[in-house]
Amino acid sequence: MESLRSINAVFAIGILCLANLSPLHLVCSKIDDSTMVDPVRFVNYEDMLKVIHEPEKVIIDVRNPDEVESTGKIPSSINIPLNTVSDTLASMPDDEFLKQYQRAKPSASDELIFYCKSGRRSQEALDKALKLGFSNSKSYLGSWEDWSSKQK
C-alpha cells in the first residue's frame, strides 16, 4: 500500500508539471518521509552510469572549485560554480567556453545534468538553466554524496 501511494504521488506530480500547473521549485515535496520528484527533471545513480559515456550530454558540477579539488568529480563532468552558471550559459562566447572547458558550449536543446554535493545547489542551477531556455536540463538526485557512496 505504501509503495502504491508513492507511485501515485509521483504520477500526480508529473502530471502537474507536464500541465505547467506546478512551479518547478514546488516539484519536490515531502510525502511520508520520502522525497517525491518529477522524473522528467531528475536522474539517479543508474542513469548517471550511462550518461558519463554519452559525450553529447553535458554534466555540470556546480560546486566550488575547492570542493571539487578536495573530493574529486563525476567522470566527464565540467565544473561551473553555481554563482557563474547563468552568465556562463547565457553570455560566455563559444570559443571561450571551448577553451575553458575543452568541449563545445551547449545549445538550448542539449541535455544538461547538474549536480553538487547533496542536490540543493544543483536544483538552483536547474531552475536557472530552465529560465535561460535550456529545456532539456536535469538535476542528479543525490548528487556527489550519492555518487561517491556508491563508487566505493
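Author: Let us begin with E111, which touches K57, V58, N136 and K138, leaving out residues up to four places away in sequence. Please keep in mind that this is a predicted model. E111 itself is found in a loop, the one between α5 (94-101) and β6 (112-115). Is E111 buried or exposed? Its relative accessibility is 17%, and because buried means under 20% relative accessible area, E111 counts as buried.

Strand β4 comprises residues 58-61, while β7 spans 137-140. Both strands belong to an open sheet of five strands, whose order is β3-β7-β6-β4-β5 and whose pairing is parallel. At the edges stand β3 (42-43) and β5 (78-79); each has a single partner strand, so one side of each is left without a neighbour in the sheet. As a general point, strands of a sheet pair through backbone hydrogen bonds, either parallel or antiparallel.

The pairing of β4 with β5 can be followed in detail. These two strands are joined in the parallel sense over two bridges, and D61 stands opposite N79 in β5. Elsewhere on the sheet, helix α6 (residues 120-131) lies across β3, β6 and β7. The helix runs at about 180 degrees to β7.

E145 has its place in helix α7 (residues 143-150). With 40% relative accessibility, E145 counts as partly exposed, whereas E111 counts as buried. Apart from neighbours within four places in sequence, E145 is in contact with K117 and S118. In sequence, E145 and S118 are 27 residues apart, yet their C-alpha atoms are 5.7 Å apart in space.

Finally, consider the whole chain. The protein chain has seven helices and seven strands, and along the sequence they follow the pattern α-β-β-β-α-β-α-β-α-α-β-α-β-α. Of contacts between residues at least 6 apart in sequence, 58% join residues at least 24 apart. Buried residues account for 40% of the 152 residues, and E111 is one that counts as buried. The protein chain exposes about 8,600 Å², of which carbon and sulfur atoms supply 56%.

Note on methods: Residues are numbered from 1 along each chain as its sequence is written. This is a predicted model: local features need pLDDT of at least 70, side-chain atom pairs count only at pLDDT 80 or more; totals for chains, interfaces and linings use all residues. Side-chain values use heavy atoms; hydrogens and water are left out. Helices (H or I, at least four residues) and strands (E, at least two) are DSSP runs, numbered from the N terminus. Buried means under 20% relative accessible area, exposed over 50%, partly exposed in between (1.4 Å probe, protein chains only). Contact means heavy atoms within 4.5 Å. Two strands pair if DSSP finds at least two bridges between them. Axes are lines fitted to C-alpha atoms, for helices over the stretch in contact, and angles run from 0 to 180 degrees between N-to-C directions. Accessible areas come from the Shrake-Rupley method with a 1.4 Å probe; for residues, only the protein chains shown count as cover.
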